[in-house]
Amino acid sequence: MSELALELRGVSKHYGDLKAVREVDIAVPAGAIYGFLGPNGAGKTTTIRMILDIVKPTAGTISVLGAPSALDVRERIGYLPEEKGLYKKMKASSIIAYFAGLKGIDRKTARTRAYELLERYGLKDFADAKIETLSKGMGQKVQVLASIAHQPEFVILDEPFSGLDPVNQQVMEDVIKDLSKAGSTIIFSTHVMSHAERICDRILLIAKGTKIFDGTIDEAKKKIPNRVRLQADAGNDQLRALPGVLQVDAVEDDLHEDLWDLTIEEGAEAQQILQTCFAQGITLRSFDHNEPTLHDVFVELVGEDAREAQKR
Amino acid sequence: MRNALMVAAREYAENARTKGFWIGILMVPVLLVGAVFVMRWLASDATPTRHYVVVDQTGRYEDALQRRMDLRYAASAFSSYSSWVQRNQKEEFKGVEVDLESMPAMNLADFNADTFLDRLIEEQGEEKFEALIEPGGFDELVEQARPRLVETAGEFEVPRRFFRSLPLPADLGIDPMTAKPDEVAEALKPYLRGEKEMQVDGKPVQLFAALIIPAEVDEHFDPLPEGETESSGVIGDVADGIRALTGANQPPPVQYWSGNLADSDLFERLRGNLDRELRQSQFVKRGIDVGLVAGVQRMALPIKKLDPDKETGKEEVSQADVLRENAPIGFVYILWISIMQVASMLLNNTIEEKSNRIIEVLLSSVTAWELMAGKLLGIAAIGLTMLLTWIASAAAMLWYWASPEAEAITNLASVIFDSTLLPAFVFYFLLGYFMYASIFLAIGSICNTIKEAQNFMGPVMMIMIVPILTMAFIPKDPHGTLATVLSWIPLYTPFVMMNRAAADPPAFDLYGTAIMLVFANIAMLWLCGRIFRTGILRTGQPPRFKELLGWLRRGD
């Protein structure tokens, strides 16, 4: 799987003075599920649009499935945009067949696939319903199906989970897994870290148009310090003196005044700290050591930018 | 190309499948036919009978007026009877079809209803109509016509009178013949204002008008007494043996009282008949033969309209020529309506695609050019469907209502379709459509809502209204400065050249503007394509004009 489904080199996009994307390099191996993470306004959608050759980059080169423009291989690409919308007056099955048709599938096959997909993902009864009669979530599912009905090798899903209830989020995860099993390369962007964590092989973190991280989830987790949270009758200094502890922060919590976050050295074992606490007679009311989640990674790496973006 | 055709097919299907589209299309012929019926109804049934009284203190006019009004009524009833017979005639009695090509061009003045009726009375003789005035007057005529009529003909409904004179009310409290005209008017005012009502056949009706003719109104017109001349103390100036009174010497005028100022039909009729009666009586008083005068007045020099552009020996201008000359006005109108209608569809669904964000998915599958081409073609097909439906429904209606009128329209239609106007229409429709459609498409691409689009539509409408304003004038001076200048402005070429089409425009104008129109179309498609490509993905405020220029230059 050394072949690259997508490669971006030094890609930038400027809108006048606004630098939406700055010299981004991305390499997505064929068959990977690649998470595209970043706060609002980070440049995710612009990057995706450039990958699809809907907008031209100001600088840099893009290669999609070996072609210089996604339009050259558009029959092999599936795309679900961030903001969802469909022709309101069209039937669900017709829309799926229409978009598959635009991707080069012949009429008959397109129709058959439309019905198959609708049935497989629980929309059989709505196949001949007009889009305007469907709920928002159902419409969104139809749109996802429309973007993959031509069985693309390379799928780009921009925020596929937004607006879906938990059940349908699960269905969406299944769709992505099914696609991956069928051999497709998938890029999807999301705000919901748990989805990325469950599904992705690799993630790309982007903020303010700049790439911040690109790698596997394990690699990402190593990016942030190892932490232990404990509740103890002990002062800051006493905890700081424990072996392997780099930093101690009081957790701001109205209910508990005795909650502490301990940042521990890389390689240090949480187990070791627990034992030392016992040995030193520190009374622990709780001891919590969790692997950092992708959420922690996200907040740690781009939290500041995200808050700024929100203020803007 | 395959993609463009798929987009076109979807675009066509989406519009052609909606009920609204077909209702919108069929509304046009229905409205046109409806308008004809409504006009007819307004002219006949909707106008109430006008009741009036005449106070004739001279005693010389009332009977003549009544007789004249009766004759006019009888003549108009008779012409209703003639068309009733014509409509219900058996096939073998139907006359020869009207051939517009050989029928001399008619004079518009001949269509005036009153002139027509007067001529009918004169030609057929007053006696013929006298018999028809009374109720049951038509019975004999209907019986005579019966054998020629089809079984389903039914009864002839004698039209009602639109004007009806009433005897004066008994409770005026004055003697109308001797009282001063102003006193008579004063006594009648409560009736004219609707405060009191008149009785007709036991039913109350409102008095519509009153005509008061003062006793001395026309005496000065009488011939001068034997031996008197202008210099012998006669009041007023005398010219050609007729006195003209001025200033204080003028007799009191005839008074026409009516609260309704808008409907002047009765006034015109009464006035015309008063003058007619005055002249008739003066002829008699001066010993002039009335019949002779009438005969002389009927005299007319034979006159023909000829067109030097027509084939030798067939230069006479026929009714068909006149229709052909004026038909472009109708074509321009249809052209304008249909282009507007389909181009707005394009505007609406572009905005729909944009505001629904469908556009992004589309653009990941097709190029902006393919999308634009597909939309233009799809909606062009919709436009052609619309025109064909109009033609088909018109044909269907003519076939369904096979009647003399329908035959006349069929003749008219064949005159128009046989000419070169139809190919010209299709040519100008397509090129005009592509020009305006690309503008609308560009506008749609930069707007997120219809509301935003309306700001741009304002100026476009101002530009588009010009051909409608000039539509009626251009055929009168088809090669004048206005027509020529407008022809060379590509935005107006389709309409103005269509307008001039029947008048054989010079080859230079005809082909020159056509070539220019083709190039203008290409340029417009290119320009609007650039705007479309950039605008379609843009969100937020529509761009400023300066920004648009930037898009055109850079194309990013």
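Visitor: Why is A:Arg76 called partly exposed?
Guide: Its relative accessible area is 33%. Buried means under 20%, exposed means over 50%, and partly exposed is what falls in between (1.4 Å probe, protein chains only). So 33% puts A:Arg76 in the middle class.

Visitor: What kind of model is this?
Guide: The model is predicted: local features need pLDDT of at least 70 and side-chain atom pairs pLDDT 80 or more, while totals for chains, interfaces and linings use all residues. Residues are numbered from 1 along each chain as its sequence is written, chains are lettered from A and ligands numbered from 1 in written order, and side-chain values use heavy atoms, without hydrogens and water.

Visitor: What makes A:Arg76 and A:Glu153 a salt bridge?
Guide: Their N to O distance is 2.5 Å. The term needs a side-chain nitrogen of Lys or Arg within 4 Å of a carboxyl oxygen of Asp or Glu. The pair therefore qualifies. A:Arg76 sits in the loop between β4 (59-64) and β5 (77-80) of chain A, and A:Glu153 in the loop between α4 and β6 (154-158), so parts 77 residues apart in sequence are tied together. A:Glu153 is partly exposed, at 35%.

Visitor: How do you know where a helix or strand begins and ends?
Guide: They are DSSP runs, numbered from the N terminus: helices are H or I with at least four residues, strands are E with at least two. On that count chain A has 10 helices and 13 strands.

Visitor: What makes A:Arg229 and A:Asp261 a salt bridge?
Guide: Their closest N and O atoms are 3.0 Å apart, inside the limit. A:Arg229 lies in strand β10 (226-232) of chain A and A:Asp261 in strand β12 (259-264), so the bridge joins parts 32 residues apart in sequence. A:Arg229 is partly exposed at 35%. A:Asp261 is buried at 15%.

Visitor: Which pair of chain B has its closest N and O atoms 2.7 Å apart?
Guide: B:Asp263 and B:Arg50, in a salt bridge. B:Asp263 is in the loop between β8 (255-258) and α8 (265-285) of chain B, and B:Arg50 is in strand β1 (50-56), so the pair links parts 213 residues apart in sequence. Both residues are buried. Elsewhere, B:Arg67, B:Arg68, B:Arg72, B:Asp118, B:Glu126 and B:Glu130 form one network through salt bridges that share partners.

Visitor: How many salt bridges does the whole structure hold?
Guide: The search over all chains finds 33.

Visitor: What makes the residues around A:Lys130 a patch of positive charge?
Guide: The patch consists of A:Lys91, A:Arg107, A:Arg111, A:Lys130, B:Arg17 and B:Lys19. Patch residues have over 30% relative accessible area and no salt bridge; like charges are joined within 9 Å, nonpolar side chains (Val, Leu, Ile, Met, Phe, Trp, Tyr) within 5 Å. A:Lys130 is at 39%, so it passes the area test. A:Lys130 lies in the loop between α3 (107-120) and α4 (136-148) of chain A.

Visitor: Why is B:Met464 called buried?
Guide: Its relative accessibility is 0%, so it falls under the buried cut-off. B:Met464 belongs to helix α15 (450-470) of chain B. Beyond four places in sequence, B:Met464 contacts B:Trp336, B:Ile339, B:Met340, B:Tyr436, B:Phe440 and B:Phe495 (contact: heavy atoms within 4.5 Å). B:Trp336 is 128 residues away along the chain, with 8.5 Å between the C-alpha atoms.

Visitor: Is B:Lys375 buried or exposed?
Guide: Buried: its relative accessible area is 0%. B:Lys375 is in helix α12 (368-400) of chain B. Among the residues it touches, leaving out those up to four places away, are B:Glu11, B:Glu353, B:Tyr433 and B:Phe532.

Visitor: Why is A:Gln151 called exposed?
Guide: At 57%, A:Gln151 is above the exposed cut-off, so the label holds. Its phi is near 50 degrees, a positive value in a residue other than glycine. A:Gln151 lies in the loop between α4 and β6 of chain A.

Visitor: Which residue in the loop between β3 (198-200) and β4 (203-205) of chain B can be named?
Guide: B:Asp201. B:Asp201 is not a glycine, yet has a positive phi of about 50 degrees. At 65%, B:Asp201 is exposed.

Technical notes: Accessible areas come from the Shrake-Rupley method with a 1.4 Å probe; for residues, only the protein chains shown count as cover. Lys and Arg count as positive and Asp and Glu as negative; His and the chain ends are not counted. The place of a charge is taken as NZ of Lys, CZ of Arg, CG of Asp or CD of Glu.
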